[in-house]
Amino acid sequence: MAAMGVRNDRKGFQRRAAPAGRGRALILLMLPGLAYFLVFHYGALLGNVIAFKEYVPFDGLWGSPWVGLGNFQRMFGDAEFWDAVLNTVWIALLQLVFYFPVPLALALLLHSLTRSTVRRFVQSVAYLPHFISWVIVVALFQQVLGDTGMLNGYLGDAGLHTVDIIGNPDAFRPLVVAQVIWKDAGWGTIIFLAALTQVDEQRYEAAAIDGAGPWRRFWHVTLPAIRPVVVLLLIMRLGDILSVGFEQMLLQRDAVGPQAAEVIDTFVYFRGIVGGDYGYAAAAGLCKGLIGALLVYVANKVAHRLGEQGVYA
Amino acid sequence: MSAQAYRPGWMEKPKPVTQAGKAVALTAVVLLVCVPFLVIVSTSLASQREVVANGGWVLWPEHPTLKAYRDILDGGIVTHALGVSAGVTFVGTLLSLACTVTLAYALSRPGATGGRPVLLLVLFTFLFPPGMIPNFLLVKELGLLDSYGSLVLPVLVNVFNLVVLRGFFQGIPEELYEAARLDGAGDLRVLWSIVLPLSKAALAVVGLFYAVAYWNSWFYASLYLESDHWPLQQVLRTYVVAGSGLTDQTLGDGTVNAPQTVQMAVLVIATVPILAVYPFLQKYFTKGVLTGAVKS
């Protein structure tokens, strides 16, 4: 009925009616996608009640007895959980310090190239590893840096000491960061490059005419222009800080042992899905999710305080 | 843009040192990406004897042979897994694209009934994903265990892809919608005849993202499927990365461990489809398809 004829909207303006059936068609189009989100996100979200229960396979999710905050209390007294948290935070911080600047630097390098064929070729090559699965990336690293890999082959031929990288718990953290850089630093340049191309050429020109050299132009024109993007990416990274490459860790956990490679996500996996302690594992996962959401919220607030746009208004 | 070097008039000519430094850095980037691929392809093409003599890898095979590929494609686990991966990728990508396009289109039209709350509902899942255990229990309760549906349905629509497509649809000039509507086209007709033909670049990129995600996925398979239904990446993980024997069912020659050449051949087969579609699609990445989403 509302779709027929002329009607007034809330502010009293006349609005031309949409053709008959318009609203219905859009709702119909929405349905499959909406159903997916309702079932597999909100339905699954409900499943988090298991964090407050003791899972009994025979009774299922809804029949299992409530234990209140018992799972969370257990978690706080569990040294293995805290080891996983510590590992997670360590790896996340290392990635923040060593990975985060690489795409930015690479983007600046690519943007400074005046020959577009060279730039496009390097871009194409650098984006590629992003599309390679973690299984293959880990296998590639084994093949190049492993005991019988290429690097040790060359070192051995040259009569030098071979290096123990793959499967060495002490080398695990740098290795993990190196893998992330190899896989995603190239792809990470896209967003910076987009920001760089949007800088007004005239600003550079004006700065150059005023006598600013390359460094001062970089400092006073380039950096301010890409600052919002950097802040945005930092905030998003912060929300994700407790997820440090679940697949990457799981694939290599056997080789180096849980001491080095257990992170919160693998902890949840081994306690819950492998160990069957669903309630306890879900409690740990829920904590992680809540802290992640909280971090995004706080970081966004801080960004607003500093006069940045942030992720959402 | 031409292949000619373009340098604005105000920019100084770089010093030779700077240029040499850039050249070194760029070469390093290209080599770091390409050499590992060269090593696996070369090793897969070498004879097992050559690989053993060189200590486990080959940079350039002396006598290239396709024996490793013939061995693994001769029926058996890898051949089957290849079929599973191809099937899941094809069906999954089609279903995902269909559901993402329709939802993105509905959410991109101003004044769609319920558009605002649905959009918020969708975006919230980005901030707070349900978690591994609830997902697992849901798949179990829905009876999807050990079915290929468990690889597709739980990851059917990706929020990032949805936002990319929605941003792209919103960028289509409103006049086109108006004109189509005056000609009597309904929303479905507008989507099919106006929006989709204009969105080929965005569809290609999003389609590639879905296809790559399905092709590369192994964790859900390890979680939900029995080993005789595994896709290629999970087979690769079990036999190459974790180093369990591959040979019994595949090669039938009774050796305990798969020769290095065979392992590398599996690795190459798992990589080739990505390398094959990549050149056709990578040109779209720079066309601003993704940057539209960044701003919205």
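Q: Which residues in H11(B) meet residues in H15(B)?
A: Two residues are in contact if their C-beta atoms, placed from the backbone, lie within 7 Å. On the H11(B) side these are B:Ala201, B:Ala204, B:Val205, B:Leu208, B:Val212 and B:Trp215; on the H15(B) side they are B:Pro273, B:Ile274, B:Val277, B:Leu281, B:Tyr284 and B:Phe285. The contact divides into 12 nonpolar residues, no polar and no charged (Ala, Val, Leu, Ile, Met, Phe, Trp, Tyr, Cys and Pro count as nonpolar, Asp, Glu, Lys and Arg as charged, and the others, Gly among them, as polar).

Q: What conventions apply to the model and its numbering?
A: The model is predicted: local features need pLDDT of at least 70 and side-chain atom pairs count only at pLDDT 80 or more, while totals for chains, interfaces and linings use all residues. Residues are numbered from 1 along each chain as its sequence is written, with chains lettered from A and ligands numbered from 1 in the order in which they are written.

Q: At what angle do helix H11 and helix H15 of chain B pack?
A: Two packed helices are described by the angle between their axes and the distance between the axes. Axes are lines fitted to C-alpha atoms, for helices over the stretch in contact, and angles run from 0 to 180 degrees between N-to-C directions. H11 (residues 200-216) and H15 (residues 260-285) of chain B pack at about 150°, their axes 9 Å apart. That makes H11(B) roughly antiparallel to H15(B) (under 35 degrees is roughly parallel, over 145 roughly antiparallel, 65 to 115 roughly perpendicular and the rest oblique). The crossing is left-handed, meaning that the near helix is turned anticlockwise from the far one by less than a right angle; clockwise would be right-handed.

Q: How many helices and strands does chain B have?
A: Chain B has 16 helices and zero strands; helices (H or I, at least four residues) and strands (E, at least two) are DSSP runs, numbered from the N terminus.

Q: How many residues of chain B are in contact with chain A?
A: 80 residues of chain B are in contact with 74 residues of chain A. Helix H1 (residues 16-45) of chain B gives the largest share of the chain B side, 11 residues. That side divides into 56 nonpolar, 16 polar and eight charged residues.

Q: Where do the axes of H6 of chain A and H1(B) stand relative to each other, and which residues make the contact?
A: The axes of H6 (residues 116-127) of chain A and H1(B) come within 9 Å and cross at roughly 35°. A:Val122, A:Val125 and A:Ala126 of H6(A) meet B:Leu26, B:Val29, B:Val30, B:Val33 and B:Cys34 of H1(B). The contact has eight nonpolar residues, no polar and no charged.

Q: Which residues have the most contacts inside the largest nonpolar core?
A: A nonpolar core is a set of buried Ala, Val, Leu, Ile, Met, Phe, Trp, Tyr and Cys residues joined through C-beta atoms within 7 Å. The largest has 151 residues, and those with the most contacts inside it are A:Ala284, B:Leu236, B:Val266 and B:Leu267. Helix H4 (residues 77-108) of chain B gives the most to this core, 12 residues. Leaving aside neighbours within four places in sequence, B:Leu236 is in contact with residues including A:Val135 and B:Val266.

Q: Is A:Ala51 buried or exposed?
A: A residue is buried if 20 or more other C-beta atoms, placed from the backbone, lie within 10 Å of its own, exposed if 12 or fewer, and partly exposed in between. A:Ala51 has 26 C-beta neighbours inside 10 Å and therefore counts as buried. A:Ala51 lies in the loop between helix H1 (22-46) and helix H2 (60-63) of chain A.

Q: Is B:Asp146 buried or exposed?
A: B:Asp146 counts as exposed, with 12 C-beta neighbours inside 10 Å. B:Asp146 has a positive phi of about 60° although it is not a glycine.
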